[in-house]
Amino acid sequence: MSEPKLRWAIVGTGHIARKFASDLRWSKTGTLAAVGSRRAERAKEFAAAMGGVEITGDETATVLERRDIDAVYVATPNPDHAKSAIAALQAGKPVLIEKPAAVSAAEAQVIHEAAKDANLLAMEAMWILFTPGIVRLREMLREGRIGAVRSFTASLSYGRPHIAGDKLFDPASGGVLRDLGVYPVALAQNLLGSPDEVSGLTSRLDNGSIRQASLSLRFGEAMASIACGFEAEGPNTATIAATRGYVSTKGSLLCPPALAFKSKSPPAPYTPAEEKPVAPLHKPSRLPWFSNARKIASAYREKLIMTSFQGSGLQYQADHFAAYLRRGAAQSPIHPLAATAAVLQTIETVSGR
Ligand SMILES: NC(=O)c1ccc[n+]([C@@H]2O[C@H](COP(=O)([O-])OP(=O)(O)OC[C@H]3O[C@@H](n4cnc5c(N)ncnc54)[C@H](OP(=O)(O)O)[C@@H]3O)[C@@H](O)[C@H]2O)c1
């Protein structure tokens, strides 16, 4: 018999709340049951707009008290995440918290303590780590398909006009590192572990908020180069280069529809120079254009791995969360709160707070 679906409540009725609600329709394990707002009226409007799904809307505190809610997704602005997440945990609900789960590494630690006190699962909604393309990429690195990683390159930037008063440009809780930089940094640290060294450059608006940043991270012998910005439309891809080949996201690194992959065969066993036969001189080819064309074609012999997904891909994190909640896990093995704090620590090293 199939298990009953996990009944989710969303806190917040904004942009990402709507996208999550829409993507939950693709979830194998969860269903949306309720939405909470600062104003019951707004939550009722949200619920009414969710055609085809039975959900109710109410004030957040009322929703958190409901016994038929199994898990809570916090989709409020960054400075409110800790407060809403801790309220959910204290009401006995496991919680999935929008990124960045906290505005600082220290605040992430406070949420972690609250989760331990409540003995409940809490996880940052770092959805990219659970999209099919990124799951496949992580498997390929684990299987050693391209050898030992030496370089990670990623960028995430969108041309977004600066609007005075917009929370994205609030120097205390926003800025491009917390809004966009968290994704490639989380991906690099998820694939490569804890960085040994972190440095970076930032460009700021007059109010002190970071609008563009570049980061350099060293993980043993691997180096990561990450860029993020609010002013340019970037390719928003990631490439991991290793001793035998590379793998790149085709399309956005957030939820790539395909991966490009190229790998050399393992090197031939080493033969000392004195034992090698003397190579004959090449005869000049009668068709030089043909041999060059073959070389050019081989340079493009990348394999394309399709990694299709449904909706916009936010449901995969919800399915991962449900799987570990059912196992009684205190933390996600892929993205524990300690990893959230470590990403914020990297960001703080670069942003200077
Ligand atoms: N995963 C992604 O791809 C992605 C994309 C965009 C944003 N995000 C993250 O999602 C979070 C929300 O972003 P958003 O773009 O959805 O924001 P938004 O459109 O402004 O929505 C935030 C919602 O939170 C509620 N809220 C609670 N306390 C609030 C407060 N003090 N001030 C304002 N609103 C408050 C509001 O709903 P009520 O009025 O009903 O209470 C509001 O609609 C952010 O942390 C952001 O980083 C993630």
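This is a predicted model: local features need pLDDT of at least 70, side-chain atom pairs count only at pLDDT 80 or more; totals for chains, interfaces and linings use all residues.
**Ground rules.** I number residues from 1 along each chain as its sequence is written, and side-chain values use heavy atoms, with hydrogens and water left out. Local features need pLDDT of at least 70, side-chain atom pairs count only at pLDDT 80 or more, and totals for chains, interfaces and linings use all residues.

**Entry 1: annotated spans.** I looked up UniProt, where an unreviewed entry lists "domain: Gfo/Idh/MocA-like oxidoreductase N-terminal" at residues 6-123. UniProt positions follow the numbering used here, feature names are shortened, and annotations may be inferred rather than shown by experiment. The span 6-123 is 42% helix and 23% strand, with its end C-alpha atoms 16 Å apart. Helices (H or I, at least four residues) and strands (E, at least two) are DSSP runs, numbered from the N terminus. UniProt also places "domain: GFO/IDH/MocA-like oxidoreductase" (unreviewed entry) at residues 135-247. That span, 135-247, is 22% helix and 38% strand, and its end C-alpha atoms lie 13 Å apart.

Entry 2: I traced an open sheet of eight strands with mixed pairing, in the order 8-9-10-7-11-12-13-14. Two strands pair if DSSP finds at least two bridges between them. Which strands stand at the edges? They are strand 8 (197-204) and strand 14 (303-306); each has a single partner strand, so one side of each lacks a neighbour in the sheet. Strand 9 (residues 210-219) pairs with strand 10 (residues 222-229) in the antiparallel sense over eight bridges. I found methionine 223 in strand 10 as the bridge partner of arginine 218.

**Entry 3: two helices.** I checked helix 4 (residues 81-90) against helix 5 (residues 105-118): their axes come within 9 Å and cross at roughly 5°. Axes are lines fitted to C-alpha atoms, for helices over the stretch in contact, and angles run from 0 to 180 degrees between N-to-C directions. That makes helix 4 roughly parallel to helix 5 (under 35 degrees; over 145 is roughly antiparallel, 65 to 115 roughly perpendicular, the rest oblique). In contact (heavy atoms within 4.5 Å), Ala82, Ala85, Ile86 and Leu89 of helix 4 meet residues of helix 5 including Glu107 and Val110.

**Entry 4: aromatic rings.** I counted four aromatic pairs. Rings of Phe, Tyr and Trp (its six-membered ring) pair if their centres lie within 6.5 Å; planes under 30 degrees apart are stacked, over 60 edge-to-face, the rest tilted. The ring centres of tryptophan 8 and phenylalanine 20 are 5.7 Å apart and the planes stand at 80°, so this pair is edge-to-face.
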